[in-house]
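Q: Please take a close look at one part of this structure for me, the charged surface. I'd like one connected account that I can follow with the model open beside me.

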Amino acid sequence: MNDAEYRVVAESLYTKIEETIDTLIEEKDAELDYENNGGVLTILCEDSDTQVIVSRQQASHEIWVAAKSGGFHCAYENKNWYCAKTKETLDELLSRTCSEQSNSQIIFPEFN
């Protein structure tokens, strides 16, 4: 993947994450919010006053996630993002970390 392809795929991913959070707020009354600032997407778990940080890593063509449970690096393979440490897909990783940091179950759909 070259830099231009990475930017397109990463931007699409961020849009999907933001749309999912908007849907969760609207339909499930989830206590989540987000801020997108310069390639860093901060997911705010408002009921626990914690954050899950999703950041683009242009140089390595990865997506990094920082949560209370640790830091995770995700690479794009076969039209999906996979965590090198846990082997979870990014949607599974975000579902787990946001649920761990929230007082409710948070489910992100598949991003592929």
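**A close look at the negative patch**

A: Helix α1 (3-28) and strand β1 (32-37) each supply at least two residues of the negative patch. Please keep in mind that this is a predicted model. The biggest share of the patch comes from α1, which gives four residues. Gathered on the surface in this patch of negative charge are Glu 19, Asp 22, Glu 26, Glu 27, Asp 29, Glu 31, Asp 33, Glu 35 and Glu 46.

Asp 29 counts as exposed because its relative accessible area is 64%, and the cut-off for exposed is over 50%. The backbone deserves a look here too: Asp 29 has a positive phi of about 55 degrees, although it is not a glycine. For context, most residues other than glycine have a negative phi.

A second residue to look at for its backbone is Asn 78, where phi is positive as well, near 50 degrees, again in a residue other than glycine. Asn 78 lies in the loop between β5 (70-77) and β6 (80-83), and it is exposed, with a relative accessible area of 73%.

For contrast, turn to Phe 108, in the segment after α2 (90-101). Phe 108 is buried because its relative accessible area is 3%, and buried means under 20%. Leaving aside neighbours within four places in sequence, Phe 108 is in contact with several residues, among them Ile 17, Thr 20, Ile 21, Ile 43 and Leu 94.

Note on methods:
Residues numbered from 1 in each chain as written. Predicted model: local features only at pLDDT ≥ 70, side-chain atom pairs only at ≥ 80, totals over all residues. Heavy atoms only, no water. Buried < 20%, exposed > 50% of the residue type's maximum accessible area, 1.4 Å probe, protein only. Contact = heavy atoms within 4.5 Å. Patch = residues over 30% accessible without salt bridge, like charges linked within 9 Å, V, L, I, M, F, W, Y side chains within 5 Å. Areas by Shrake-Rupley, 256 points an atom, 1.4 Å probe, with all protein chains shown as cover. Salt bridge = Lys/Arg side-chain N within 4 Å of Asp/Glu carboxyl O. Lys, Arg positive; Asp, Glu negative; His and termini not counted. Charge placed at Lys NZ, Arg CZ, Asp CG, Glu CD.
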